[in-house]
Amino acid sequence: MNNFRIIARNSLRRRDYSLRSPPSRSFCNLSQESNRPSYGIAFDIDGVILLGSSPVGGSPGALRRLYDDSGALKIPFLFLTNGGGLPESERASEMTHLLGVPVSPFQMVQAHSPFRKLANRFGNELVVAAGKGEPAAVMSNYGFKNVVSLDEYASYFDNIDPLAPYKKWMTGQEVHKETSRSRENVVSERVQAAFIVSDPVDWSRDIQVLCDILRTGGLPGKEIGPQPLLYFANDDLDYQTKFPTERLGMGAFRIALESIFNRIHDNPLEYISFGKPNPFVFKDAEDVLKEIATSHSNQGSHHFKTLYMVGDNPKIDIRGARQAGSPWFSILTRTGVFKGKDNHPEFPADLVRIDIISYVVDTVEEAVDFILTRESAKRSLI
Ligand code: G3P
Ligand code: MG
């Protein structure tokens, strides 16, 4: 079962979803001493840098080695995660706080970051944004003018969630209305698209309301109509947090929604899944790393000999880097989804030398050690 799919029953597949205009790079100061670095690093977050909100594998110390004594970035790196739910600026300050190193919003490449590219397409059309955190704030940050969270949207329809009275966490709690809308306007305006920005929290309500939107051309409670567009930020079946075994991810939610929708509706569900291992995600990360590498000079384009992807999920991180091809080099850690002794049978991390070792390490600390050693060995050969 391949776990990323661009399900296109019509012309959706050919669009370019790359992330061309990320936040400005001005506050991503690369230290003067790092002259045109020949390599860069992309770190996965869940299972490599953090477990839940706790650093793992010596990540704070490992990352500190990538800065010079003045705190400026010595080695271009970014976080390439299928996670999300907060605007890049907020997530960057959260990471700075958790890891004790200065992280700029420019270094935060989240699963929903490419949604920025779709803002103009929807102009003032109504779209709903689902998931944990602040999905509507994330989308309005990208330039979406008429976006409402699924939480708020559902609150405008009485009795749309028959289980609401049984949800202790909801009873008596006022839904946080991020926008001043009249109920009349919302229930009469057609939803043009639904974005699953981050991992949904209330699956039963979200599946119910999404089916109501997607079956009726965007007008819950009205007659059957053409399906509005549906976008998922990632398609991860599972991922690693603090609990000893993997937790269900957005991909599991997609499977639940799709199988229920396809049972109650004549036409199968159509959707687009973003996130790793999609190749464009790695192309975007390379472009952002190039901008970081040239952030302290106007030396135009930059060429990397090696880009390291440090990940914990063979099917997502390693497979993505391998599919993206050169200059990507994949390193697999054992602090997350992958816990095996040797390499992953189906999606093996890159080998240094066929007969000796493949690059599976216990922790991100070991991964950074391997990268710095390998790169300084290369330099001494020059
Ligand atoms: O929800 C996030 C999870 O699916 C994986 O995150 O950082 O391991 O790509 P990450
Ligand atoms: Mg991970």
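An oxygen atom of ligand 1 is 2.9 Å from an N or O atom in the side chain of lysine 276, a polar contact in the sense of a pair of N or O atoms within 3.5 Å. Taken alone, ligand 1 exposes 310 Å², of which the protein buries 97%, with accessible areas from the Shrake-Rupley method and a 1.4 Å probe. This is a predicted model, in which local features need pLDDT of at least 70 and side-chain atom pairs count only at pLDDT 80 or more, whereas totals for chains, interfaces and linings use all residues. Residues are numbered from 1 along each chain as its sequence is written, and side-chain values use heavy atoms, with hydrogens and water left out.

**Ligand surroundings**

- A polar side-chain atom of aspartate 44 lies 2.7 Å from an oxygen atom of ligand 1, and a backbone N or O atom of isoleucine 45 lies 3.3 Å from an oxygen atom of the ligand.
- The residues around ligand 1, each with a heavy atom within 4 Å of it, include Asp46, Thr81, Asn82, Gly83, Asp199, Asp236 and Tyr239.
- This shell divides into two nonpolar, three polar and five charged residues, where Asp, Glu, Lys and Arg count as charged, Ala, Val, Leu, Ile, Met, Phe, Trp, Tyr, Cys and Pro as nonpolar, and the others, Gly among them, as polar.

**Aromatic pairs**

- There are 21 aromatic pairs, counted where ring centres of Phe, Tyr and Trp (its six-membered ring) lie within 6.5 Å, with planes under 30 degrees apart stacked, over 60 edge-to-face and the rest tilted.
- The rings of tyrosine 39 and tyrosine 308 have centres 6.2 Å apart and planes at 85°, so this pair is edge-to-face.

Conventions:
Chains lettered and ligands numbered in written order. Polar contact = N/O pair within 3.5 Å; in protein donor to acceptor, adjacent residues only side chain to side chain.
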